[in-house]
Amino acid sequence: MNSDSEYREGLDALAAHYRDVLQLLGEDPTREGLQKTPMRVAKAMQVLTRGYEMDAHKVLTDALFREDYSQMVIVKDIDFFSLCEHHMLPFYGKAHVAYIPNGYITGLSKIARVVDIYSHRLQVQERLTLQIKECIEQTLHPLGVMVVVEARHMCMQMRGVEKQNSITTTSDFSGAFNQAKTRQEFMNLLHNDKSNL
């Protein structure tokens, strides 16, 4: 549970705007069920966009270790939730990240934190994929990085074309992953039967 001290500046102003939004939608913001809604939404939006105040590069460098391992490191099935910047509706799914160390590794949980930081901003899936890759590339200087993001978009499911079962997949890669063989190794490991673990 967040204490009020964890919320950013502008919370009251944000709540006031949501009160106006409720009224513009035809609701009565003074009725019992809605009296606390503007502040609840303001707090929720600050939590959902907390990534703006976090430094993903610092997260990686805070757990940087010298290691001579030079094979693929994969962190897959990283759950994430984000907000589409076009409609401010959620999109959610899984991110899969691989890198090949070049003298340094980072804590495995830090890869998931990088995904969390960039997903907690107004986003498009393509940019999210790129930002995760670039952060790891620029901070760890690995031999290669590959990121695959699979997501469902509520802006496609709730409105517009209303396609309930569509999944969008994006990928980005660099370095050693420019070789088709290395990319294929990653994809094979990504889709291995989890029962083998």
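A charge sits over a ring if NZ of Lys or CZ of Arg is within 6 Å of the ring centre and within 35 degrees of the ring normal. With that in hand, let us start with two such places.

**View 1. Two arginines sit over aromatic rings.** This is a predicted model, where local features need pLDDT of at least 70 and side-chain atom pairs count only at pLDDT 80 or more, while totals for chains, interfaces and linings use all residues. Residues are numbered from 1 along each chain as its sequence is written, and side-chain values use heavy atoms, leaving out hydrogens and water. Look for arginine 66: its charged end sits over the ring of tyrosine 104, 5.3 Å from the ring's centre. Arginine 183 lies over the face of phenylalanine 173, with 4.6 Å to the ring centre.

**View 2. Helix H2 has a buried face.** Helices (H or I, at least four residues) and strands (E, at least two) are DSSP runs, numbered from the N terminus. H2 covers residues 37–48, and its twelve residues reach 16 Å from first C-alpha to last, close to the 16 Å expected at 1.5 Å a residue (that is, 1.5 Å times one less than the number of residues). Which residues of H2 are buried? They are Thr37, Pro38, Ala42, Met45 and Gln46; buried means under 20% relative accessible area, exposed over 50% and partly exposed in between, with a 1.4 Å probe and protein chains only. Seen down the helix axis, these buried residues fall within an arc of 170°, so they line one face of H2 (the arc is that of the directions from the axis to the C-beta atoms).

View 3. Rings of Phe, Tyr and Trp (its six-membered ring) pair if their centres lie within 6.5 Å; planes under 30 degrees apart count as stacked, over 60 as edge-to-face and the rest as tilted. Phenylalanine 80 and phenylalanine 91 are edge-to-face, 6.0 Å centre to centre with 75° between the planes. Both of these phenylalanines are buried. Phenylalanine 81 and tyrosine 92 are stacked instead, at 6.2 Å and 25°. Phenylalanine 81 is exposed, at 56% relative accessible area, and tyrosine 92 is partly exposed, at 29%.

**View 4. Strand S6 pairs with S3 and S7.** Two strands pair if DSSP finds at least two bridges between them. S6 is antiparallel to S3 over ten bridges, and phenylalanine 91 stands opposite histidine 153 in S6. With S7, S6 forms eight bridges, also antiparallel. Eight of the ten residues of S6 are buried, so this strand is largely enclosed by the rest of the structure.
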